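Take a look at the picture, then come back and we'll go through it piece by piece.

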Amino acid sequence: MKIWRGLSVLLFGLLLIVSFLVPGASAKEKIVYQVPIQETVEKGLAAFLQRALSIAEENNADLVIFEVNTPGGAVDAAGEIAKLLSNSSVKTVAYVNNRALSAGAYISLSADEIYMVPSATMGSAAVIDSSGNAAGKKAESYWLAAMKTAAEQNGRDPIYAQAMADEDIDLPKYGAEKGKLLTLTADQAKKAGYSEGTVSGKAELYSILGVEDADIRTIEESFPEKLARFLTNPFVIPILLTIAGIGIVVELFSPGFGIPGFIGITGLVLFFYGHLVAGITGYESLALFILGVILVLLEFFLPGGIIGVLGFSAIIGSLFLASEDPVHMTISLLIAITASILVSILFVKVLGKKMNFFRKMILTDATKTEQGYVSSPNRLELLGVEGKAMTDLRPSGTALINDERVDVVTEGSFISKGTSIKVVKAEGSRVVVRQIPESNQ
């Protein structure tokens, strides 16, 4: 028994020594993911953050740190991102490294904790429409409720969140008296309970969070994600559609298929590519667009006009289906259509161009007399020749001229049968005659 007791003590001592010498033997190494939230907030960013949080959850991460530096962006995209953060099983921290304005403030408030660098700011979250103007009462009411909920879900006083979006709230001690939106500095955010602390940088942040020795992994946007974010930017979409419209119009005025047509098609391809990669739309919008193009092309070969109307409607519908923002898409299409019409006018009125595309389907040639074309042989040899009316000319009838029966017409007067006549004009098959006065017979 003494031997077994001694062996147990020895084994326990060895295990104790190993636990001190090998840190991983006593505690699991923490896994921390660092994810950037930068530039404009749009649907492309939402798709990227969804991928990042999925990776963190699949790898049983202990913490996700979002490095926030954004001027804001689309409200609907911010709502999706906030929902992702709120529903995530992983603890989330918003590290405001410069600015978290508008939609950026809403996203930061949706994180479990907020830390800011000394020069950082957070707030100024008034909701605006796609034209840059203040949104309507309905949108403002929704946004105020969303800001309030984001603050309350993490135990923060909602009055400050509402003051960020409503200039009627009076907070003079924070520099946001009535008529101004609240924007908190790092010190003000900490004082208001909107920040867990002010840190000089990532090193201090890791130390406060107790993850300085953790396995810190960074998730960056892939090139397709960066491209999708650029292509779905509210300012880029009308430019893409305008380039597509002008390219197609110029191609219609050009012989064959060349660079303008390629540029126009590329603009449309990039539009749908960005929206597909960003997860804004599915392949159904692309399929509807292709169907619309096919119907428009069929209209050039089939009569009726209905197929063309259906095709054009399908194209417009596919753009709205891909957008998810009908107001912004309407504005973008109006800009593109206006630019295309102006280019068409320039080509027709100024440059005197004609659409080569339609020349292949519309007969524009004419058989003109000046070019030597006649519908029937001219009887110019009869000019000045005399003959006799074989029938009464009322004013048309038949005359005998050079022993040939000829259909003739008078200048308007009546000429009786047997009267001597003279050919005064010959236009194709139309022979005009005049009565010869009796004194000249």
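Predicted model: local features only at pLDDT ≥ 70, side-chain atom pairs only at ≥ 80, totals over all residues.

In general, strands of a sheet pair through backbone hydrogen bonds, and they can do so parallel or antiparallel. For a close-up, pick strand 10 (residues 396–401) and strand 11 (residues 404–410), which run antiparallel and are joined by six bridges. If you want a landmark there, find A399, which sits opposite V406 in strand 11.

Now for a helix. Helix 13 covers residues 306–323, 18 residues in total. From its first C-alpha to its last it reaches 26 Å, close to the 26 Å expected at 1.5 Å a residue. Which residues of helix 13 are buried? They are G308, G311, A314, I315, S318, L319, A322 and S323. An α-helix has 3.6 residues a turn, so residues three or four places apart point the same way.

Next, the salt bridges: the count comes to nine. One of them brings together the side chains of K91 and E113, at 3.1 Å from N to O. This pair ties distant parts of the chain together, with K91 in strand 3 (residues 91–101) and E113 in strand 4 (residues 113–116), 22 residues apart. K91 counts as partly exposed because its relative accessibility is 35%, while E113, at 17%, counts as buried.

Another salt bridge joins the side chains of E196 and R156, at 3.6 Å from N to O. Here too the partners come from distant parts of the chain, 40 residues apart. E196 lies in the loop between helix 7 (186–191) and strand 7 (197–198), and R156 in the loop between helix 5 (137–152) and helix 6 (158–165). Is R156 buried or exposed? R156 is buried, with a relative accessible area of 4%, whereas E196, at 37% relative accessibility, counts as partly exposed.

Finally, look at D215 and R217, which form a salt bridge with their closest N and O atoms 2.8 Å apart. D215 is partly exposed, with a relative accessible area of 24%, and R217 counts as partly exposed at 28%.

Technical notes: Residues numbered from 1 in each chain as written. Heavy atoms only, no water. Pairing = 2+ DSSP bridges. Helix = DSSP H or I, 4+ residues; strand = E, 2+ residues; numbered from the N terminus. Expected span 1.5 Å × (residues − 1). Buried < 20%, exposed > 50% of the residue type's maximum accessible area, 1.4 Å probe, protein only. Salt bridge = Lys/Arg side-chain N within 4 Å of Asp/Glu carboxyl O.
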